[in-house]
Structures are given as C-alpha cells and as structure tokens.
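Reader: Please take one part of this model and look at it closely. I would like its contacts, its setting in the fold and what surrounds it, with the cut-offs stated.

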Amino acid sequence: MTQRVIQIDSPCFIERESLQTPTDIANRFPKRQPLALEIGCGLGHFVTELAAANPQTNYLAIDIYNKGCLKTCRKLEALELDNVLVMRIEARYLLSHYIEKQSLSAVYINCPDPWPKKRHRSRRLVGSNFLQSLLHYLQPEADFFFSTDFFNYAEQVAAILPETTGYHNCLPTNWVTELPGYPVSKYMQRFLDLGQPIYFMHYRRDKELQLEKLPEPDIRPGFRVRWERAGNE
Ligand SMILES: C[S@@+](CC[C@H](N)C(=O)[O-])C[C@H]1O[C@@H](n2cnc3c(N)ncnc32)[C@H](O)[C@@H]1O
C-alpha cells in the first residue's frame, strides 16, 4: 500500500522525522504525566473524548491514514486539548522505534481493520506475536483495551489473551458488549446504529511479570505502508 503524504501543520502533530529517541515523545507534551497510546485513532472521536475526561494522562494517537491524522489534529485544536499528540505512523514501527520499554500506562485498539477474508487474516494487527511483544512496552499494571465489531476477530483475540503469560483479565468474561464509561468511536457508532454488537476486552499487564524471562519483542513488519515522501517504513 502506498500513500501520498499530506502536509499536516498542527501543534498537535509530531513529524516522525523530528524524533530522535523514544524519550522525545514524552518530552513533547506540556506536562509530564502517564502516557497512553491509541492505535488506529481514525478521525479522533475516541481519543478526544477520552483525553478531555482524563487531563492527567497524555495520549499519543496514531494512524497510518493521512486524513484521519489531520482530522484528529483539527478536533484537538478546536477543543484546545494539550494532552494529545498525533503521529502518522504504523503501530509496530512506532513501538519498535519510538516507545520506551515499560513506558505506556494504557493501550487502546478500537475496531481495527478486521481483514474478513480468511486468506488475509494474517494481516490483522492483533495476534499472538503482537500481544506478546506489546508486553515489553506496557508499564506494570498498564491497561490493554481491545474492541471489535467483527466476531471472528473477537474470538481470535479472546482465545489468545488468556494464553499469553503476562496479562490478566479485568472483566468477568472474555468480553463484554457494554463497557460503561468507555467512549464510543466512530466505527463503534456505525455498528451500534445498525444494531450490531461491539465486543470489548480489558486486560492488564501483570505487576510481577519478569520481562527478562520473555522473548525480546518480535515485531514483524506485517502489512506495511510505504510513504511516498519518506521512503520505506
Ligand atoms: C476500521 S478503522 C477504526 C478507526 C477508529 N479506531 C474507530 O474505531 O472509529 C481502523 C483504523 O486503523 C488504522 N490502522 C490500520 N492498521 C494500522 C496500523 N498497523 N498502524 C496504525 N494504524 C492502523 C486505519 O488507518 C484506520 O484508520
């Protein structure tokens, strides 16, 4: 997939090329506070609502979709939220290059691309490998939220999470279809309006997890994006 890069001039936007080290991201926020990550923020509905309700947390919202990043920035500017920054970057690339180990207080993934065709399912972002690798970037007791409108994706992730050493379930069941207080994203709303359920999961990284006993993060490129301006990613 090749995407033409559009210029995003916004104080809420971080150009990937402007970052040197993982700590740079934390330094870009006006206040030092816990850092949470939303992967695939789309048009920014979810992160703006979440960040407005939690000013004591910094949020990094990422997407590979140009217009999504731009519209998220415009929403943040309009609301004058200073605890969210946006990056146009692929999730696995971000983690492996720009996120410090054990630095994230929460990760949110809502309605990720479901890749419904069987032959494309290996392109899904969230799988065993990704979940294991993600543990390295989560603080002890950091939250991991996953939601999907696609039943087969819910089944897949709900089967992997309990088998992955290092996470524990915060819900009484594998998933719930209502999560009070959790903002509704654009895609969630689309499916809810059609009368279809959203499957929510909420896990947490174990406090006592010994990362040195886990394999090093093995973040494979998976389905990649090529930026026309910036070269390969
Ligand atoms: C189906 S949309 C959901 C958007 C939003 N989370 C919502 O619920 O309304 C999935 C989003 O994830 C983004 N995305 C897909 N794969 C990604 C990846 N590997 N890294 C970052 N963003 C990704 C897409 O560009 C798209 O905006």
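Author: T57 touches Q33, P34, A36, N83 and S105, leaving out residues up to four places away in sequence; a contact means that two C-beta atoms, placed from the backbone, lie within 7 Å. The model is a predicted one, in which local features need pLDDT of at least 70 and side-chain atom pairs count only at pLDDT 80 or more, while totals for chains, interfaces and linings use all residues. Residues are numbered from 1 along each chain as its sequence is written.

T57 sits in the loop between α2 and β4. Helices (H or I, at least four residues) and strands (E, at least two) are DSSP runs numbered from the N terminus. T57 counts as partly exposed because 18 other C-beta atoms lie within 10 Å; a residue is buried at 20 or more such atoms, exposed at 12 or fewer, and partly exposed in between, with C-beta atoms placed from the backbone. R32 is 25 residues away from T57 along the chain, yet their C-alpha atoms are separated by 8.8 Å.

One of the contacts of T57, A36, belongs to the strand β3 (35-39). From β3, L35, L37 and I39 point one way and A36 and E38 the other, and all are buried. In a regular strand the side chains alternate between the two faces of the sheet. Five of the five residues of β3 are buried, so β3 is largely enclosed by the rest of the structure.

β3 pairs with two strands. Five bridges join β3 to β4, and the two run parallel; strands pair when DSSP finds at least two bridges between them. I39 stands opposite I62 in β4. Going from β3 through α2 to β4, the chain makes a right-handed β-α-β crossover, where right-handed means that, with the strands pointing away from the viewer, the path from the first strand over the helix to the second runs clockwise. β3 also pairs with β6 in the parallel sense, over five bridges, and there the bridge partner of I39 is I109.

β4 (58-63) is joined in turn to β5 (residues 84-88) by five bridges, again parallel. In this pair Y59 stands opposite V84 of β5. These strands belong to an open sheet of eight strands with the order β2-β5-β4-β3-β6-β7-β9-β8 and mixed pairing. β2 (13-14) and β8 (167-169) are the edge strands, each pairing on one side only.

Axes here are lines fitted to C-alpha atoms, for helices over the stretch in contact, and angles run from 0 to 180 degrees between N-to-C directions. H45, F46, V47, T48, L50 and A51 of α2 are buried. An α-helix has 3.6 residues a turn, so residues three or four places apart point the same way. The buried residues of α2 pack against β3, β4, α3, β5, β6 and α7.

β4 also has a part in the ligand site. Of the 19 residues around the ligand, G40, G42, Y65, S185 and Y187 come nearest; near means that the C-beta atom, placed from the backbone, lies within 6 Å. β4 and α7 (186-193) are the elements that give two or more residues to this shell, and α7 has the largest share, with three residues. The shell divides into ten nonpolar, five polar and four charged residues, where Ala, Val, Leu, Ile, Met, Phe, Trp, Tyr, Cys and Pro count as nonpolar, Asp, Glu, Lys and Arg as charged, and the others, Gly among them, as polar.

E80, in the loop between α3 (66-79) and β5, has a phi near 55°, a positive value in a residue other than glycine. Most residues other than glycine have a negative phi, and most peptide bonds are trans. E80 is exposed, because 7 other C-beta atoms lie within 10 Å. A positive phi, near 70°, is also found at E141, which lies in strand β7 (residues 138-148) and counts as partly exposed, with 13 C-beta neighbours inside 10 Å.
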